[in-house]
Amino acid sequence: MDRSTVNAWHDDRVREAIEATGRRKLIFAGVSLEVCAAVPAIASTAAGYGAYVAVDASSTFSQAKREAGLLRMQQAGVIVGDYATLMVEALADNAAPRSGALYAALDMPFAVLAGQVSAAYRA
């Protein structure tokens with residue numbers, strides 16, 4: 001969506017599209033951790049959503065900005081994590097049919113093993 005708002009949560013089209021999914025837990029990432037990811041995550045938390053930010057899937061312009069963004073999010077109740085952990089947490093069950101595809105998409109060495117274990121559970 002083309003938009004001009006700094007805070008994606010404040011764009012009615014973005015917020016309404018998220019609300020239409022019926023999901024109450026949201027994962028954010030952005031070009032800038034301290035603005036693009038943090039600001040809508042903080043706003044959605046204030047609106048009663050569970051907001052998570054994948055810090056390693058978000059960039060930043062300086063270490064000071066990164067640290068300030070992390071502190072601000074933590075103070076607002078946003079959960080910070082890395083992208084792989086957040087995806088595995090959302091999966092919840094390594095025996096789920098979609099687990100093999102998720103672990104393959106993560107393209108990480110441990111994912112091959114987890115995918116094999118998952119396949120063994122389904123066999």
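This is a predicted model: local features need pLDDT of at least 70, side-chain atom pairs count only at pLDDT 80 or more; totals for chains, interfaces and linings use all residues.

Me: OK, so what should helix 3 span, and how far apart are its end C-alpha atoms?

Reply: Helix 3 covers residues 63-76, so its 14 residues should span 20 Å, and the end C-alpha atoms are 20 Å apart, which agrees.

Me: Which residues are buried in helix 3?

Reply: Gly 69, Leu 70 and Met 73. They sit on the same side of helix 3, because they cover an arc of only 100° around the axis. In general, an α-helix has 3.6 residues a turn, so residues three or four places apart point the same way.

Me: What do those buried residues pack against?

Reply: Helix 2, strand 2 (50-54) and strand 3 (79-81). On the face turned away from that buried side you get the exposed residues Ala 64 and Gln 75.

Me: And what's just after helix 3?

Reply: Gly 77, with a positive phi of about 90°.

Me: Switching topic: is Ser 32 buried or exposed?

Reply: Ser 32 counts as buried, because its relative accessibility is 4% and the cut-off for buried is under 20%. It's in the loop between strand 1 and helix 2 (33-46), and it touches Ala 37, Ser 59 and Phe 61, leaving aside residues up to four places away in sequence.

Me: How much space is in the largest pocket?

Reply: About 260 Å³. Strand 1 (25-28) and helix 4 (83-91) each give two or more residues to its lining.

Me: What's the lining like by class?

Reply: Five nonpolar, one polar and three charged residues. Among them are Arg 23, Tyr 52 and Glu 89.

Methods. Residues are numbered from 1 along each chain as its sequence is written. Side-chain values use heavy atoms; hydrogens and water are left out. On a 1 Å grid over the protein atoms alone, a cavity is a set of points where a 1.4 Å probe fits but cannot get out, and a pocket is an open set with protein on both sides within 12 Å along at least five of seven lines; lining residues have an atom within 4 Å of a point. Grid points are joined across faces, edges and corners, and a volume is the space filled by probe spheres set on the points. Helices (H or I, at least four residues) and strands (E, at least two) are DSSP runs, numbered from the N terminus. Ala, Val, Leu, Ile, Met, Phe, Trp, Tyr, Cys and Pro count as nonpolar, Asp, Glu, Lys and Arg as charged, and the others, Gly among them, as polar. Buried means under 20% relative accessible area, exposed over 50%, partly exposed in between (1.4 Å probe, protein chains only). Contact means heavy atoms within 4.5 Å. The expected span of a helix is 1.5 Å times one less than its number of residues. The arc is that of the directions from the helix axis to the C-beta atoms.
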